[in-house]
Amino acid sequence: LSKYLQVGQTRKRVAVAYGKRCGQVEQRHKYARLLGYLNFAEFALDLRMAKTSAKVFDFLEDISGSLTHLATRELSILKDIKKNEDGDLPFGIEDLLYYIKRSEAKHFDLDFKALKQFFPVDLVLSGIFKVIQDLFGLRFEEIGNVEVWHPDVSVFSAFDLTSGELLGHLYLDLYTREGKYGHTCVLALQNSALSQDGTRQIAVALLISRLQKGKEGNPCLLRFSEVVSLFHEFGHVVQNICNRASYTRFSGMRVDPDFVEIPALLMENWCYESSILKLISGFHQDITMPIKDETCKSLKRWRYSFSSLKLKQEILYCLFDQIVHSADNVDIVELYKHLHLKVMLGLPMLEGTNPASCFPRSAIGYEAACYSRIWSEVFAADIFASKFRGNLLNHQVGIQFRNQVLAPGGAKEPIELLTEFLGREPSVQAFIDSQSQH
């Protein structure tokens, strides 16, 4: 909300009120110790790629330190904008999103409402299917006359492009309706696995989304964020269908939690490349007219707009989450004050707020694992930069990724799979380089 508020004092009042939510952060150490762990973080990380808090801290500190120069430059731009508008009033954390929005409006010629006219859903889907076919050798074919739970649901079979082998089925339930599940996600209805007689049980995936159907015969037009979301979810679809593990326990989405988002985040990269944007776009009244070259370039620059500052704030939350779940009797307010000044380039914490209210993920579902999203983004950036950026539809590399990384599923350690695929251990450098593209 604060990014829309023009009056500085109002931004601060709203930020303080929002930041007072939640009470004490629940301590989970005693439950972990019953299971033989020193603290909750040790318990939470034991079955993840990161393994230890020490490795998480090193990872986050490495990323944060590498971003400091870029983030300082970004913050200076925002402070100059505020100074021109409000004089010498100090820049506060409550101003961050507002002035990012102001700067982006000034420097990017992007009308997202108009851009929506170039992304009819059928054209986007056909483009995604084309990318997946060229990259991973999966051919999707729609099936008619299938019993489904709603007329909007469509069903596709996925075949290996070379052998013609049926690998799986995909149910697409894209449009919002009353009573429907309210999140966009991919669910494994059936995992690929070997049966007792040696035959393979094929994968069946369901992609659920919340798109708005077009009215009165008009096509459904997607916001750019929805285009990115579809690419992301199709990364999970490919992950499900290409899995060739012997047991369902290691199939589908049943992989290391630090790995599960990597294929999906990898797929998002194609959304910002000009050749792919032209493939999936077309003015809805004349689909032979894709978006312009300048728009493609602007979207790629916009992707990394103030990304270092935004990521610094995420790292702040992740460090706080990791410390709270690694130590006893932590004064969370003092801890957050210290981390805020250190990570956010001297910007103080907003007084009168409860730090735990800033990121509810650490309270439910992601406790001691808030770092995992950044972890996955770093690995995905490394894969894309080193293997695909120079040749976006490199079929040979795509098949290699499918066979070496996706096929084993949870049956092998993810770090081993990625090291084998990359020919070296994964690195953070490609991710750091990507942040400087703006």
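**Close-up 1. Helices H4 and H5 pack at an angle of about 90 degrees.** This is a predicted model. Helix H4 covers residues 53-86, and helix H5 covers residues 96-107. Their axes lie 10 Å apart. Angles of 65 to 115 degrees count as roughly perpendicular, so H4 is roughly perpendicular to H5. On the H4 side, the contact is made by Ile77, Leu78, Ile81, Lys82, Glu85 and Asp86. They meet Leu96, Tyr99, Ile100, Arg102 and Ser103 of H5. By class, six of the contact residues are nonpolar, one is polar and four are charged.

**Close-up 2. Helices H14 and H16 cross at roughly 20 degrees.** Helix H14 runs over residues 372-388, and helix H16 over residues 414-422. Their axes come within 11 Å. Angles under 35 degrees count as roughly parallel, so H14 and H16 are roughly parallel to each other. The crossing is left-handed. H14 contributes Phe379, Asp382, Ile383, Ser386, Lys387 and Phe388 to the contact. H16 contributes Ile415, Leu418, Phe421 and Leu422. Seven of these residues are nonpolar, one is polar and two are charged.

**Close-up 3. Helix H14 also packs with helix H15, at an angle of about 145 degrees.** H15 spans residues 395-406. The two axes are 11 Å apart. From H14, the contact takes in Ile383, Lys387 and Phe388. From H15 come Val397, Gly398, Gln400 and Phe401. The contact has four nonpolar residues, two polar and one charged.

**Close-up 4. Ser308 is buried in the model.** Ser308 lies in helix H12, residues 307-324. Its relative accessible area is 0%. Buried means under 20%, so Ser308 qualifies. Beyond residues up to four places away in sequence, Ser308 touches Leu67, Leu70, Ala71, Glu74 and Gln435.

**Close-up 5. Ser434 sits in helix H17.** This helix covers residues 429-435. Ser434 has 5% relative accessibility and therefore counts as buried. Its side chain makes a polar contact with the side chain of Gln435, at 3.2 Å. Gln435 is also one of the residues touched by Ser308.

**Close-up 6. Pro219 lies in the loop between strand S7 and helix H8.** The strand covers 203-211, and the helix 224-241. Pro219 is partly exposed, with a relative accessible area of 36%. Pro219 and Pro120 are 99 residues apart in sequence. In space, 6.1 Å separates them, C-alpha to C-alpha. Pro120 is among the contacts of Pro219, along with Gly214 and His284, leaving aside neighbours within four places in sequence.

**Close-up 7. Leu341 is partly exposed in helix H13.** The helix covers residues 332-343. The relative accessible area of Leu341 is 44%. Leaving aside neighbours within four places in sequence, Leu341 is in contact with Gly346, Leu347 and Pro348. Ser126 is 215 residues from Leu341 in sequence. In space, Leu341 and Ser126 are 48 Å apart, C-alpha to C-alpha.

Methods
Residues are numbered from 1 along each chain as its sequence is written. This is a predicted model: local features need pLDDT of at least 70, side-chain atom pairs count only at pLDDT 80 or more; totals for chains, interfaces and linings use all residues. Side-chain values use heavy atoms; hydrogens and water are left out. Helices (H or I, at least four residues) and strands (E, at least two) are DSSP runs, numbered from the N terminus. Buried means under 20% relative accessible area, exposed over 50%, partly exposed in between (1.4 Å probe, protein chains only). A polar contact is a pair of N or O atoms within 3.5 Å; within protein, one must be able to donate a hydrogen and the other to accept it, and residues adjacent in sequence count only if both atoms are side-chain atoms. Axes are lines fitted to C-alpha atoms, for helices over the stretch in contact, and angles run from 0 to 180 degrees between N-to-C directions. Angles under 35 degrees count as roughly parallel, over 145 as roughly antiparallel, 65 to 115 as roughly perpendicular and the rest as oblique. A crossing is left-handed if the near helix is turned anticlockwise from the far one by less than a right angle, and right-handed if clockwise. Contact means heavy atoms within 4.5 Å. Ala, Val, Leu, Ile, Met, Phe, Trp, Tyr, Cys and Pro count as nonpolar, Asp, Glu, Lys and Arg as charged, and the others, Gly among them, as polar.
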